[in-house]
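Please look over the model shown here before reading the notes below.

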Amino acid sequence: MIFDKHQETVDDILSRYPVRRSAMLPLLNLAQREEGYVSQAAIREIAGILDLTPPQVFETATFYTMLNLKPIGKFHIQVCRSLMCALVGADPLIEWLRTHLGIGVGQTTDDKLFTLSAVECLGSCGTGPMMQINDDYYERLTEEKVGLIVRDLRETGDSAMKSGPFMVPERSKDVVSS
Amino acid sequence: MKTFEKILLTNMERPGYTGSLSDYEGTGGYKALKTVLGNVPPNDLIEMVKKSGLRGRGGAGFPTGVKWGFIPKDHPGPRYLCCNADESEPGTFKDRQLMERDPHQILEGIAISCYAIGAQTAYIYIRGEFRLAAKILERAITEAYQAGHLGSDIYGSGITVHVYVHVGAGAYICGEETALLESLEGKRGKPRTKPPFPATHGLYQKPTVVNNVETLANVPHIVNRGADWFASIGAPPKSTGTRVFCLSGHVKRPGNYELPVNATFRDLIYELGGGMRSDKPLKAFIPGGASAPFLTPDHVDVQLDFESVALAGSMSGSGGITVMEEGTSMVWAALRLMEFFYHESCGKCTPCREGSSWIVQILQRIMNKQGRPDDLRTLTEICENIGGRTVCAFGDAEIAPVQSTLKYWRNEYEALIEEAEALKGSRKEIPVLSVAQAREVEGSLS
């Protein structure tokens, strides 16, 4: 059972809401963090916890684009393709990733390391082009930078180029705050 | 260089400010909460916010105090406050900075607002992609509980406020307040038909207020410095205070800039944003996130407040300003935004669900130089059949890019369609047969 070792977390989640069903997204998110995707087994288990039928959970899960209903690679590269990022060069970046990973958008590399997605706005329009890999944002990208990030992830599983707490412009030096 | 008064970004722009509880308390944080709890009657607080003229910063610009006032006074409860942190309007990224850099400013705003409307529970609905912001908020909530700023019987006043972070899973529509409530109830995030409004039938059918992150962050400052002070900033009486505007696109210095709302787009784009990133002149800009109609260089001297932008034919929306330089194809820009809306339409209302897909197909066809002479008429017609015919404002939003680009840059559409007409003779296409012709072919094969 997926949630067995997370019993405390599950109890904590359930305690937050007066209605059990509200724990739906937190549990689906937890299942995805645990297994990398939302499996059929997870859906059945969540249905059990929430006193729902599995189709009710599945129906809800299909609405949300972040929930993967099929296994994906270890690193999910999601490049923003919306207008704001596209204006500053998101499309060439997606092309570059396609060529260098040798996969199309929506596909996973043979070694199951990378899945490439082109997604809609991630709320980082001032620092485009940008992408999200698993939990982390990577901003103000160039082809060179993306190459280094992919190399880092392949070799060490982490990259120092991910963004910290957001502050753009860094500090408005020109503007005196009152 | 002009200087502009700041409210929300003041703290985080101090050197060395980390947003921790001690940093926030060091700058007078939680003073407002201490002042009001048990001392100022909730009704007076609501009146104060009404008087300040604070309006929702999420997009609709509804007066916050009025929204709070809709909560029935005699309801036995429970009542809820939802902080809308589902920031997903393309062009907007202010809430992320507010949450990641100064989370306690928001928590204090939430606590005060909960007290004002008589809610004991607040949920911060944050978009699933903002993992870092969610983590920072969780940490800040733990700190605030430990210091007694949140929890049961705060400062011995008998007031209880519990705050929880609820992480979404990727759906733009969940920023719509009733869709947010549906999603928070663990369902598909589809907007509800209104009325009844959330003020009476919100989360779990109980009285609920949904406020944007930036709106709530303003509340402690209004308490500390007074409604009159807040109402004197900006463009009173209708649009008051400052807003954090998000500048993106072809400018030298994109980013978040806080300005009083009586500043102009010129101040933002040229003074603060450093102007265009290359030598190419400004061609177009979106004044308030993807849902706002495009404006032209003729509009750069328009003020940033809700009314002025509305008068110019667009909307101030969520405050995301996207700048496009000369040479950008407006048909392409409209298509990109339409693809977003097509992807994010929740599917509840037929005009929006089907219409967005038709518009995308037509725009793709025009971009691929396969447009047809009557396409522009069809586009206009589809747009007219979406606007005002959907449950939520998404329908009105999705037609904005198409209608406004058709209004100002119709010649670009026409040029592409003319090109398509010229190419028509030279293009080999798979023939489309009528039923009679198909039968004939079938007959000749057998």
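## Chain A as a whole

The model is predicted. Chain A holds 7 helices and 4 strands, which follow one another along the sequence as α-α-α-α-β-α-α-β-β-β-α. Along the principal axes, the C-alpha atoms of chain A occupy a box of roughly 55 × 55 × 30 Å.

Of the 178 residues in chain A, 39% are buried. Among contacts in chain A with a separation of 6 or more, 57% join residues 24 or more positions apart.

## Helix α4 of chain A

Three residues of α4(A) are buried: A:Val57, A:Thr60 and A:Ala61. Viewed down the helix axis, the buried residues of α4(A) lie within an arc of 100°, so they line one face of the helix. In an α-helix there are 3.6 residues a turn, so residues three or four places apart point the same way.

The cover over the buried residues of α4(A) includes α2 and α3 (40-50) of chain A.

## The contact between chains A and B

Chain A puts 45 residues into the contact, and chain B puts in 59 residues. On the side of chain A that touches chain B, at least two residues each come from α2 (24-35), α4 (54-61) and α5 (83-87) of chain A. The largest share of that side is supplied by α2(A), with 5 residues. Sorted by class, the side of chain A that touches chain B consists of 25 nonpolar, 13 polar and 7 charged residues.

## The parallel sheet of chain B

In chain B, 4 strands make an open sheet with parallel pairing, in the order β3-β2-β1-β4. The edges are formed by β3 (162-167) and β4 (208-212) of chain B; each has a single partner strand, so one side of each is left without a neighbour in the sheet. Ignoring direction, neighbouring strands of this sheet are turned by 20° against each other on average.

Strand β1 (residues 80-85) of chain B runs parallel to β4(B) and is joined to that strand by 5 bridges. Within this part of the sheet, B:Asn84 is opposite B:Asn212 in β4(B). Helix α9 (residues 213-225) of chain B lies across β1 and β4 of chain B, and runs at about 95° to β4(B).

## The mixed sheet of chain B

Another open sheet in chain B is made of 4 strands in the order β8-β7-β10-β9, and the pairing is mixed. Its edge strands, β8 (255-260) and β9 (282-286) of chain B, each pair on one side only. From one strand to the next, the twist averages 30°. In general, strands of a sheet pair through backbone hydrogen bonds, either parallel or antiparallel.

Strand β7 (residues 242-249) of chain B and β8(B) run antiparallel and are joined by 6 bridges. Here B:Phe245 stands opposite B:Tyr257 in β8(B). Helix α11 (residues 265-272) of chain B lies across β7, β8, β9 and β10 (320-325) of chain B, and its direction is at about 135° to β8(B).

## Domains of chain B

Chain B is divided into domain 1 (11-232), domain 2 (239-325) and domain 3 (330-426). Between the C-alpha centres of domain 1 and domain 2 of chain B the distance is 26 Å. Their contact takes 19 residues from domain 1 and 20 residues from domain 2 of chain B.

On the domain 1 side of this contact, α5 (94-101), α9 and α10 (227-231) of chain B each supply at least two residues. That side has 5 nonpolar, 9 polar and 5 charged residues.

## B:His343

B:His343 is a residue of helix α13 (residues 330-344) of chain B. This histidine has 16 C-beta neighbours inside 10 Å and so counts as partly exposed. B:His343 and B:Tyr172 are 171 residues apart along the chain, and their C-alpha atoms are separated by 9.3 Å.

Technical notes. Residues numbered from 1 in each chain as written. Chains lettered and ligands numbered in written order. Predicted model: local features only at pLDDT ≥ 70, side-chain atom pairs only at ≥ 80, totals over all residues. Buried ≥ 20, exposed ≤ 12 C-beta atoms within 10 Å, placed from the backbone. Contact = placed C-beta atoms within 7 Å. Pairing = 2+ DSSP bridges. Axes fitted to C-alpha atoms, helices over the stretch in contact; angles between N-to-C directions. Nonpolar A, V, L, I, M, F, W, Y, C, P; charged D, E, K, R; others polar. Domains from an automatic or database assignment. Arc of directions from axis to C-beta.
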